[in-house]
Amino acid sequence: MTTVTFRRTVPTATTARVGTATAERSGGREPLRYLAPNWFAVVMGTGIIGNAAATLPVQFPGLRGAATLAWALAALILIVLAGAWALHWRRYPEEARGHGMHPVMMQFYGAAPMALMTVGAGTLMLGKDVIGLSAAVTVDWVLWSAGTVLGLLTAASIPYRMITRHHFDPDSAFGGWLMPVVPPMVSAALGALLVPHTPSGQARLTMFVACLAMFGLSLIASLVTITLVWSRLLHHGLPPAGMVATVWLVLGPLGQSVTAASALAGVAPGVVDERTAAGMDVFTVLFGVPTWGFAMLWLALAVAVTWHARASMPFNLTWWGFTFPLGCCVTGSTALYGHTGANLFAVIAVALYALLVAAWLVVAAKTVRGLVLGELLRPAR
């Protein structure tokens, strides 16, 4: 079992228990009270459907139209969630602050910045056909900038809170620990799309270097965390049934790092000198292919452990971990196909995209059902 010992969090925990008891006495008719940052994973998982399709090596008839619909749906969900979350902070500030103190829920504060940037990138890649390029670039700049600032805050503040406010037992590590440190990698990958839209000269160079620095920041932090998750699985077995889906989250930084390396190499010419640009192109292959190989190993393990635990896995929002990380593997495979020309990566990209769509359909249907029945709008027990 995963166990956590708290430090200096008694007032928040007490307040949360009182709030829960009050809500239960009222018949549980306060669904907004239980809105948590993990809901933004719905935006991430929906948005990656469109973003991954936009660059897929094989473009099927109607694919771009369906991808644009996915982007529009993700944007709509983001708007609704952002409004609901703001209202949640206003009406239930103690519960909202409690999420930032909870050793598990605080990890998912990384979902909000990634949701912002996912929709922003979709606006530039797909939404430009609807609202025009100029407006799409503006929207992407706003969402990317907001997501990057929030992502850097989570990457620094959540580990700080883990170090100073909690004590974690050896079996506490789980895939969710990656959520706070992955947003800068998303900033690097999707920020590359904005490099050509940055004024030339020092501004463009600064944007490029900032993205490259965030790539390194997130990569090293993710590798350290993945090592902890691997060790936890080997020494203590699977996490509780309700958290098995978080094993898939490891695929996120692996696939996204390959995507980021490729995207930055693609915009390097004209920003840095020819020698550096050529070196980045080589780095994309030398780094990307081995990392992709490990991602495929982890994918096989994730599928196997999920199948092993399938009978005991209750549906909850962690199931959205089946979507965005898998989508990162799709974009990573597509990127390697573009750099190597190896048909293997194109075939894998299409196959993984089909798996991604199937996973999204299942998880989205269960989420809608949970909302209709109110099962996802109740306090966790």
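**Close-up 1. Helix H11 is mostly covered, with 13 of its 17 residues buried.** Buried means under 20% relative accessible area, exposed over 50%, and partly exposed in between (1.4 Å probe, protein chains only). The model is predicted: local features need pLDDT of at least 70, side-chain atom pairs count only at pLDDT 80 or more, and totals for chains, interfaces and linings use all residues. Residues are numbered from 1 along each chain as its sequence is written, and side-chain values use heavy atoms, without hydrogens and water. Helices are DSSP runs (H or I, at least four residues), numbered from the N terminus. H11 covers residues 324-340; at 1.5 Å a residue its 17 residues should span 24 Å, which agrees with the 24 Å between its end C-alpha atoms. The expected span is 1.5 Å times one less than the number of residues.

**Close-up 2. Zero disulfides are found in a search of the whole structure.** A disulfide is a pair of cysteine sulfur atoms within 2.5 Å. For both Cys329 and Cys211 the closest cysteine sulfur is in Cys328: it lies 7.0 Å from that of Cys329 and 16 Å from that of Cys211, in each case too far for a bond. Cys329 is buried at 2% relative accessibility, and Cys211 is buried at 0%.

**Close-up 3. Trp230, Leu234, Leu297 and Leu301 form a nonpolar surface patch.** Their accessible area together is about 370 Å². Helix H8 (202-236) and helix H10 (274-309) are the elements that give two or more residues to the patch. Patch residues have over 30% relative accessible area and no salt bridge, with nonpolar side chains (Val, Leu, Ile, Met, Phe, Trp, Tyr) joined within 5 Å and like charges within 9 Å. A salt bridge places a side-chain nitrogen of Lys or Arg within 4 Å of a carboxyl oxygen of Asp or Glu. Areas come from the Shrake-Rupley method with a 1.4 Å probe; for residues, only the protein chains shown count as cover. Leu297, in helix H10, is partly exposed at 42% relative accessibility.
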